[in-house]
Amino acid sequence: MMTLTLQNSIAQNETTYMRIAKITVDSVKLNDYLIALKTQMQSALKYEKGVLAYSAVQDKNNPNKITILETYASVPAYESHIQTDHFNKYKTTVADMVKELELTDVIPISIKTKQK
């Protein structure tokens, strides 16, 4: 098992910024939301150096509940991210799809992944 420390793998350091987004999506518009989310995530990871990682999951018993763990190089990287065209397009596209949004800043305790 490999442990991601503050010095390796996803460039975690004292300035890394992580947040969790808990989103409730209108179930009628869920498929459209998932497309918009995946498009935004792909663009951010491709075009923004400061966007380090995204993990998006659905509640197995309530699939319109989405949780996203976002990792940025720094707070300024996050602030830059929310000003991009692709993020603004995502926000506009999903405005009538998102019923609830809860954002929580978090501090990593331990992030592990199995080494291949």
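Me: Which strands form a hairpin with six residues between them?

Reply: Strands of a sheet pair through backbone hydrogen bonds, either parallel or antiparallel. Here β3 and β4 form the hairpin, with six residues between them. Helices (H or I, at least four residues) and strands (E, at least two) are DSSP runs, numbered from the N terminus, and two strands pair if DSSP finds at least two bridges between them. β3 (residues 51-58) runs antiparallel to β4, and seven bridges join the two; Ala56 has Ile68 in β4 as its bridge partner. Do remember that this is a predicted model, where local features need pLDDT of at least 70 and side-chain atom pairs count only at pLDDT 80 or more, while totals for chains, interfaces and linings use all residues. Residues are numbered from 1 along each chain as its sequence is written, and side-chain values use heavy atoms, leaving out hydrogens and water.

Me: What is the order of the strands in the open sheet?

Reply: The four strands run β3-β4-β2-β5, with antiparallel pairing. β3 and β5 each have a single partner strand, so one side of each is left without a neighbour in the sheet. From one strand to the next, the twist averages 15°. Between β2 and β5 there are eight bridges, and Ala21 stands opposite Leu103 in β5. Helix α1 packs on this sheet and touches β2, β3, β4 and β5, where contact means heavy atoms within 4.5 Å.

Me: At what angle do α1 and α3 pack?

Reply: Two packed helices are described by the angle between their axes and the distance between the axes. For α1 (residues 30-47) and α3 (residues 85-94), the angle is about 170° and the axes are 9 Å apart. Axes are lines fitted to C-alpha atoms, for helices over the stretch in contact, and angles run from 0 to 180 degrees between N-to-C directions. That makes α1 roughly antiparallel to α3 (over 145 degrees). Among the residues that meet are Tyr33 and Leu37 in α1, and Phe87 and Tyr90 in α3.

Me: How much space lies in the largest pocket?

Reply: Rolling a probe the size of a water molecule over the atoms shows where empty space is left. Here the largest pocket holds about 290 Å³. A pocket is an open set of points on a 1 Å grid where a 1.4 Å probe fits, with protein on both sides within 12 Å along at least five of seven lines; lining residues have an atom within 4 Å of a point. The volume is the space filled by probe spheres set on the points. Of the 21 lining residues, the closest to the centre are Glu70, Phe87, Tyr90, Lys91 and Leu101. α3 gives the most to the lining, with four residues.

Conventions. Parallel < 35°, antiparallel > 145°, perpendicular 65-115°, else oblique.
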